[in-house]
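Subject: Handover of the two-chain model

Dear colleague,

Please read them alongside the coordinates.

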Amino acid sequence: MAVGQRAIEAAGLRHAPGRLERLRQWWEQEDVFGYGLILPALVLLTCLVAYPFGMAIYFSLSDYWVGSPGQFVGLANYREVLGNDVFRQTVQNSFVFTGIALTLKTVLGVWLAVLLARDIRFRRVLRGAVLLPWVIPTALSTLGWWWMFDSLYSVVNWTAIRLGIMSAPGPNWLGQSSYAMAAVIVVNIWRGLPFFAITVLAGLMSIPREFYEAAEVDGATSRQRFWHVTLPLLKPVLAVVILFSTIFTFSDFNIVQVLTRGGPVNSTHLFATLAYQIGLQGGNLGQGAAISLFLFPMLAMVVFLQLRYIRKD
Amino acid sequence: MNGTTRRQFLKVSATTSTGLATWLALDRAPAFAQKRELTFLSWNHFVPASDDELRRQAEVFSKQANCTVRVDTMAHLQMPAKVAAEAQSQSGHDMYRSAGADPFLYEHLHANLDDLVDKLGKQFGGWYPFAAEMNQTKSGWKGVPWFWVSFPGTYNQAHFKKAGFENPPKTWAELLSMGKALKKQGNPVGIPISHCSDAHSTYWSVAWSFGAKVLEADGKTPAINSDKTAHVLDWYKELYAEAMEPEVLSWDDAGNNRFLLSGKGSWIHNPVSPYNAALKEKMPIADDINHHNSPAGPAGAHSAPPILGMAVWKFSKNVELAKEFIQFLFKKENYDAWIVASNAFNHPPLRHLADHPIWARNPKFAMLPKEAEFGHPRGWPAKPSDAVQRIDDNYVMADMVAKVVNGMPPKRAMEWAQDQVARAIKGQLKVG
């Protein structure tokens, strides 16, 4: 065909290409077509990620109030926020919350995934059921937990008292600092565990059976098989899951907002809830933006370190 | 396609495009579809029948004014974020239920309602000062006071009688001594010390009764660190230890209602909603629940009732219609019907509307209108401002009290709170 076309062109018989034809030719160039394909995603990212992010930086550098543009104030908002001990407590809370929740989610997630990988009855139903906490809207499921931790009608306390594990009236889950932190961590773990378990399960499924068989032939116990076969091969999957979960956990909002609204005495405030309280409830968008932007360098660092670790592997 | 010639097609499409272009250019619906729509963002009322009545009246007004009135309601805790979003995007509803210092926070975005407020005030014997102050900014009335919510003592008479008390407490000191006996009896009292708005309402009331302040009258000087506040904190500490239980540290706004309705609690500082809920659900405890005026202290009786208003956005295209609607809601027969629907929860901010027989008829409500005599807007003696709102929004006083009942020396807690109040003032919104 190409030869034929060239022959026609050589003979000067072909007409000059029309406008549509020229457009088609331009469009079909590899670099144009490639950019054309990623353009919709780029537009979406610009509108939904880059623009709000740019606005947040702009807000954080101005004394911007809801509905009234402010003046450029440089880093004054950041200085103000850093000088506030409620913020400093929030930083501490965020690390405690994320550290404990993430560790437990990782350990329990791997454990649950190993259990689900076994040949057990109703395996499919169980795998589906495990996903439920992840699927239900957080605000709704957290309301259920809120009732379970209620000071008067706590089913957790009621059961534990009846079983003789606790003495009446039991802990005041949402009213005492350490219990409240424990409560929000428990709910975060409950909610985030399925994500860990199912992703790790997918990683487990991709490990070839031959490795286990070879290890068994070499006389490895099940514990040795886990430490020397499963875990090293799971590392890349785990690293990605931990990366995502770090971001989700640090920026959690719903659970704390529904259960404690940052109380008691700000002991469960996270960046997002404090930013909401100051930026939206209090109307001080500048400071609210500054608080939420403190998340950015921290998360960027986490992402950088983890991606480097994954690549090295 | 049969029967459509190219010429016809061109004609139809040209007409349509011209029509569409005109519509877009005028930013107005074509005449045949033109019916004004007024949108009102309100809250989910604690007494739902009150919202039903509001919608019914909106329906009547729609017919009278040949328009459509849409009343949207949402949870009160979500309102600040929604209102902030509307202010920021300058679009959304035409009017909304304002609360706290909203008229000050959004002063330049609210339509001026001077003429309407003036007219209603003259018609109904004047506005209560505390309600008026919440809407009257330096640049005029940026909202119409809609209703206020009395914040009396709400108690279980049976528990009090059992403990040997014929009458409810008249002072906060009496509440403390009675509370000790009531707790021993297994019926503690309860004031929330947590991140909820009831915690503020009570704190302001107690603090003023002890002569304590949060701000000086100039609104720019923090005044929380004082001997008077130290007395307030001592009182709270003793009440918490000897008359309450730790659950008050975790309550939301409904926590104290549940506490009283469960039969365990003997006394709370709250509007009449638990009683109304008990009546509605036909709970036997309704007979035992009664109310009394908010207790007094060494500096007299003071109350910080929540005050709600109606504000109209300046960016609304229906400012005049919104004003007509507000005026309609304030017609005596309409306002009266709304009070009845709320079963005395909604208190009128206008003196003559407060003569409604519902309060006189039920002895359990008889003392409620008196609460207006010692009500103040939050921040008093300072004028309401966005800084005061921010002090409440950041739960400064609730946290100060919580720190003390958890063992922090009052002096340190007051210094912490003083610093927080100073920050709220420093970041004050500058209205140009």
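Predicted model: local features only at pLDDT ≥ 70, side-chain atom pairs only at ≥ 80, totals over all residues.

Residues are numbered from 1 along each chain as its sequence is written, and chains are lettered from A and ligands numbered from 1 in the order in which they are written.

Chain B contains 18 helices and 13 strands, where helices (H or I, at least four residues) and strands (E, at least two) are DSSP runs numbered from the N terminus. Its C-alpha trace spans about 95 × 50 × 50 Å along the principal axes. Of the 432 residues in chain B, 50% are buried; a residue is called buried if 20 or more other C-beta atoms, placed from the backbone, lie within 10 Å of its own, exposed if 12 or fewer, and partly exposed in between. Counting two residues as in contact if their C-beta atoms, placed from the backbone, lie within 7 Å, 76% of the contacts in chain B with a separation of 6 or more join residues 24 or more positions apart.

The domain assignment (automatic or from a database) divides chain B into domain 1 (31–149 + 306–369) and domain 2 (153–304 + 385–426), with 28 Å between their centres, taken over C-alpha atoms. In this pair, 15 residues of domain 1 are in contact with 15 residues of domain 2, and the domain 1 side has twelve nonpolar, two polar and one charged residues. Here Ala, Val, Leu, Ile, Met, Phe, Trp, Tyr, Cys and Pro count as nonpolar, Asp, Glu, Lys and Arg as charged, and the others, Gly among them, as polar.

One residue that I looked at individually is Arg378(B), which lies in the loop between helix H15 (357–361) and H16 of chain B. Arg378(B) is buried, because 25 other C-beta atoms lie within 10 Å. Residues up to four places away in sequence aside, Arg378(B) touches Gly100(B), Trp204(B), Ala304(B), Pro384(B), Val388(B) and Asp392(B).

The contact between the chains takes 28 residues from chain B and 25 residues from chain A. On the chain B side, H3 (79–89), H11 (255–261), H16 (386–393) and H17 (396–405) each supply at least two residues, and H3(B) gives the most, with five. That side divides into twelve nonpolar, eight polar and eight charged residues.

For chain A, the assignment gives domain 1 (2–60) and domain 2 (76–312), whose centres, taken over C-alpha atoms, are 43 Å apart. Four residues of domain 1 of chain A are in contact with seven residues of domain 2 of chain A.

Leaving aside neighbours within four places in sequence, Val401(B) is in contact with Ile193(B), Tyr203(B), Leu233(B) and Tyr236(B).

With best regards
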